[in-house]
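Please read the following report with the model open beside it. It moves from the ligand to the sheets and then to the overall dimensions.

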Amino acid sequence: MTRPLLEAVNLAKHYPVKSPLGFKTGAVRAVDGVSFSIPEGGIYGLAGESGSGKSTIARMIMGLTTPTSGALLLGGRDIAGQAGRRAYRSKVQMVFQNPGSSLNPRRSIGQSIAVPLSGLSRRARAARIDELLGMVQLPASYARRYPHELSGGQRQRVAIARALACAPRLLVLDEPTSALDVSVQAKIIDLLTELGRELNLTFLFISHDLSLMRNFAEEVGVLYLGKLVETGPTAEVFARPRHAYTRLLLASVPVISDEEAALRPQVPLIDGEMPTAEQLIAMEQR
Ligand SMILES: Nc1ncnc2c1ncn2[C@@H]1O[C@H](COP(=O)(O)OP(=O)(O)OP(=O)(O)O)[C@@H](O)[C@H]1O
C-alpha cells in the first residue's frame with residue numbers, strides 16, 4: 001500500500017455569522033468533519049455543488065485559511081505552521097478555473113512561468129521554461145507570447161506549466177477545465193493524467209461535475225453541505241452510488257450514448273422535474 005501524501009482528518013471550518021451590530025449569532029459549517037486520504041501518486045476527485053465547501057478545503061490545503069478543528073497532513077506532518085513556508089509552497093501548487101485571470105496580461109508567458117524560478121541564472125531559467133513548455137506540449141517559442149495571444153486551453157497549459165515550475169508533489173486543481181469547451185477539457189485531462197504518471201504527481205481534483213472524474217480520478221468523494229456523504233473507488237461510486245445526493249449528481253449528468261444512459265441512476269421525478277437534493281433525501285427518509 002502506497003503511503004498517503006495528503007490526509008484530511010476530521011477537518012472542519014466554521015465561519016461565524018454576525019448580526020449587523022457585530023454580535024456572533026451562529027456559524028456556517030462550510031466544512032464539517034471531512035476525512036479522506038490521497039496516496040502518493042494518486043488522484044482524488046472532490047465533487048459537490050456550489051457552496052458545498054470545496055474551495056474552503058482547497059484554501060485550507062494552500063494555507064490561505066486555517067481549520068477550525070481537525071488536521072491536514074502532508075507526508076504525515078501537520079501542515080499547520082508549515083503552510084506559510086517557502087518549502088511547503090514549493091511542494092503544493094494550485095491550478096485555478098480561469099487561466100485568463102490567473103495570468104498577468106502584461107507578462108509574457110515565459111515571464112509568468114519564470115516567477116517561481118527567481119533563484120536560477122538567466123540561462124538555466126530559459127532552459128527550464130523551454131522544458132516546462134515542452135511538458136505541457138506547447139512550442140518553446142510561446143515563451144515570447146502574451147496571454148491574449150493564446151486560446152483558453154493553451155492558457156490553462158501555461159498555468160499548469162507555472163504550477164509545475166518548482167517541481168511540486170501535490171497539485172490542487174480547482175475546476176481546472178470548467179471554463180473550457182468539452183473537447184479542450186478532455187485534452188487537458190489527458191495531459192494531466194500523463195504528467196501525473198511521468199512526474200509521480202498527486203492530484204486533488206475539485207469540480208462540481210462528477211462526470212469529469214470518471215476517467216481521471218481513482219477515488220472520489222462527494223461533498224454536500226460541508227460533509228463528505230460518500231467516498232470510495234470511482235468505478236464503485238459510479239456503479240453503486242449509496243447516497244441520494246450522489247445519485248442526484250449522477251442523474252443530472254448529460255449523457256451522450258445509450259450505454260451511458262443505461263448506467264445512469266434513476267431518481268423519482270416530481271411533477272416531471274428532477275427533485276432537489278433536499279427533496280430526494282426527504283423522500284428516501286420517509
Ligand atoms: N469567508 C467566509 N465567511 C463566511 N462564510 C463563508 C466564507 N467562505 C465561504 N463561506 C461559506 O461556506 C460555504 C462553503 O463555501 P465554498 O466556497 O467552500 O463552497 P464551494 O463548494 O467551493 O462553492 P463554489 O464552487 O461556489 O466556490 C458556503 O455556504 C459559503 O457561503
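Which element gives the largest share of the shell around the ligand? That share, 3 residues, comes from H1. This is a predicted model, in which local features need pLDDT of at least 70 and side-chain atom pairs count only at pLDDT 80 or more, while totals for chains, interfaces and linings use all residues. Residues are numbered from 1 along each chain as its sequence is written.

**The ligand shell**

The ligand is surrounded by Tyr 15, Val 28, Ala 30, Gly 48, Ser 50, Gly 51, Ser 52, Gly 53, Lys 54, Ser 55, Thr 56 and His 208, where a residue counts as near if its C-beta atom, placed from the backbone, lies within 6 Å of the molecule. Two or more residues of this shell are given by each of strand S2 (24–39) and H1. By class, the shell divides into 3 nonpolar, 8 polar and 1 charged, with Ala, Val, Leu, Ile, Met, Phe, Trp, Tyr, Cys and Pro counted as nonpolar, Asp, Glu, Lys and Arg as charged, and the others, Gly among them, as polar.

Strands are said to pair if DSSP finds at least two bridges between them.

A second open sheet, of 4 strands, is antiparallel and has the order S2-S1-S4-S5, with S2 and S5 (77–78) at its edges.

| Strand pair | Sense and bridges | A bridge partner pair |
|---|---|---|
| S3 (residues 43–47) and S8 (residues 202–207) | parallel, 5 bridges | Gly 45 and Phe 205 |
| S1 (residues 4–18) and S4 (residues 69–74) | antiparallel, 5 bridges | Val 9 and Ala 71 |

**Dimensions and confidence**

With 286 residues, a compact globule would have a radius of gyration near 19 Å, and the 20 Å of the protein agrees with this; the radius is taken over C-alpha atoms, and the rule is 2.2 Å times the number of residues to the power 0.38. The C-alpha trace spans about 70 × 50 × 45 Å along its principal axes.

The protein averages a pLDDT of 89, and 94% of the residues score at least 70, on a scale of predictor confidence in each residue from 0 to 100. For the complex, the predictor gives an ipTM of 0.94 and a pTM of 0.87.
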